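Trainee: I have the sequence and the model open. Can we work through some of the contacts together?

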Amino acid sequence: MYRKRYWDERLRQAAVDLAAIAADHGRGAVELAIRFCLDQPAVSTVILGATRVEQLNECLDAVDSPPLGEDEIAQCDEVWSRLAGPIPWYMR
């Protein structure tokens, strides 16, 4: 069931595209993801997850990094808009 839900080339391509956006702006993918969440006015909390100390440090560094620029947000929004179809509906 989950493979059918998440094994989608569009999702893999979105991950590649977001990593490229991050690299183009001198950020890592984790930093881009965390900053994107933190920079949303409607988001009051971001839950960080890590299985190793190095991952936790990367997440914490992202929290302290500068906010995303308008162009970064626009590029991320464009990637997200392409996923309107394959994103699963969670509010069941």
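Trainee: Which helix holds E31?

Mentor: Keep in mind that this is a predicted model. E31 falls within the stretch of residues 29–38. That stretch is helix α3.

Trainee: Is E31 buried or exposed?

Mentor: The cut-off for buried is under 20% relative accessible area. E31 has a relative accessibility of 18%, so E31 counts as buried.

Trainee: What does the side chain of E31 make a polar contact with?

Mentor: Start with the wider contacts. Leaving aside neighbours within four places in sequence, E31 is in contact with A62 and S65. The polar contact is side chain to side chain, at 3.1 Å. The partner is S65.

Trainee: Which residues of α3 are buried?

Mentor: E31 is one of them. The buried residues of α3 pack against α2, α4 (53–64) and α5. The buried set is E31, L32, I34 and R35.

Trainee: Where does R27 lie, and is R27 buried or exposed?

Mentor: R27 sits in the loop between α2 and α3. Its relative accessible area is 12%. The cut-off is under 20%. So R27 is buried.

Trainee: Which residues does R27 touch, not counting residues up to four places away in sequence?

Mentor: Two further atom pairs come before the list. The R27 side chain makes a polar contact with the side chain of E31 at 2.7 Å. It also reaches the backbone oxygen of P66 at 3.1 Å. Beyond four places in sequence, R27 touches A22, R35, S65, P66, P67, L68 and E72.

Trainee: How far apart are the closest N and O atoms in the salt bridge of R27 with E72?

Mentor: R27 and E72 are both buried. Their closest N and O atoms are 2.7 Å apart.

Trainee: How many residues apart are R27 and E72?

Mentor: The R27–E72 salt bridge has a closest N to O distance of 2.7 Å. This pair links distant parts of the chain. R27 is in the loop between α2 (9–24) and α3, while E72 is in helix α5 (residues 70–81). The separation is 45 residues.

Trainee: R10 and D8 meet in a salt bridge. Which of the two is buried, and which is partly exposed?

Mentor: Their side chains meet at 2.7 Å, N to O. D8 has a relative accessible area of 16%, which makes D8 buried. R10 has 46%, so R10 is partly exposed.

Trainee: What is the N to O distance between R35 and D39?

Mentor: R35 is buried, and D39 is buried too. Their side chains meet in a salt bridge. The distance is 2.5 Å.

Trainee: Which residues are linked in a network of salt bridges?

Mentor: The structure holds 8 salt bridges. Some of the charged side chains join up in a network. Its members are D17, E78 and R82.

Trainee: Are α2 and α5 roughly parallel or roughly antiparallel?

Mentor: Their axes lie 10 Å apart, at an angle of about 175 degrees. Angles over 145 count as roughly antiparallel. So α2 is roughly antiparallel to α5.

Trainee: How many residues of the contact of α2 with α5 are nonpolar?

Mentor: On the α2 side the contact uses A14, D17, L18 and I21. On the α5 side it uses Q75, C76 and V79. These residues include 1 polar and 1 charged. The nonpolar number is 5.

Trainee: How far apart in space are A19 and V30, C-alpha to C-alpha?

Mentor: A19 is found in helix α2. A19 is partly exposed, with a relative accessible area of 34%. In sequence, A19 and V30 are 11 residues apart. In space the distance is 8.7 Å.

Trainee: How many helices and strands does the protein chain have?

Mentor: From the N terminus, the elements run α-α-α-α-α. The C-alpha atoms fill a box of roughly 35 × 30 × 25 Å along the principal axes. The count is 5 helices and 0 strands.

Definitions and conventions: Residues are numbered from 1 along each chain as its sequence is written. This is a predicted model: local features need pLDDT of at least 70, side-chain atom pairs count only at pLDDT 80 or more; totals for chains, interfaces and linings use all residues. Side-chain values use heavy atoms; hydrogens and water are left out. Helices (H or I, at least four residues) and strands (E, at least two) are DSSP runs, numbered from the N terminus. Buried means under 20% relative accessible area, exposed over 50%, partly exposed in between (1.4 Å probe, protein chains only). A polar contact is a pair of N or O atoms within 3.5 Å; within protein, one must be able to donate a hydrogen and the other to accept it, and residues adjacent in sequence count only if both atoms are side-chain atoms. Contact means heavy atoms within 4.5 Å. A salt bridge is a side-chain nitrogen of Lys or Arg within 4 Å of a carboxyl oxygen of Asp or Glu. Axes are lines fitted to C-alpha atoms, for helices over the stretch in contact, and angles run from 0 to 180 degrees between N-to-C directions. Angles under 35 degrees count as roughly parallel, over 145 as roughly antiparallel, 65 to 115 as roughly perpendicular and the rest as oblique. Ala, Val, Leu, Ile, Met, Phe, Trp, Tyr, Cys and Pro count as nonpolar, Asp, Glu, Lys and Arg as charged, and the others, Gly among them, as polar.
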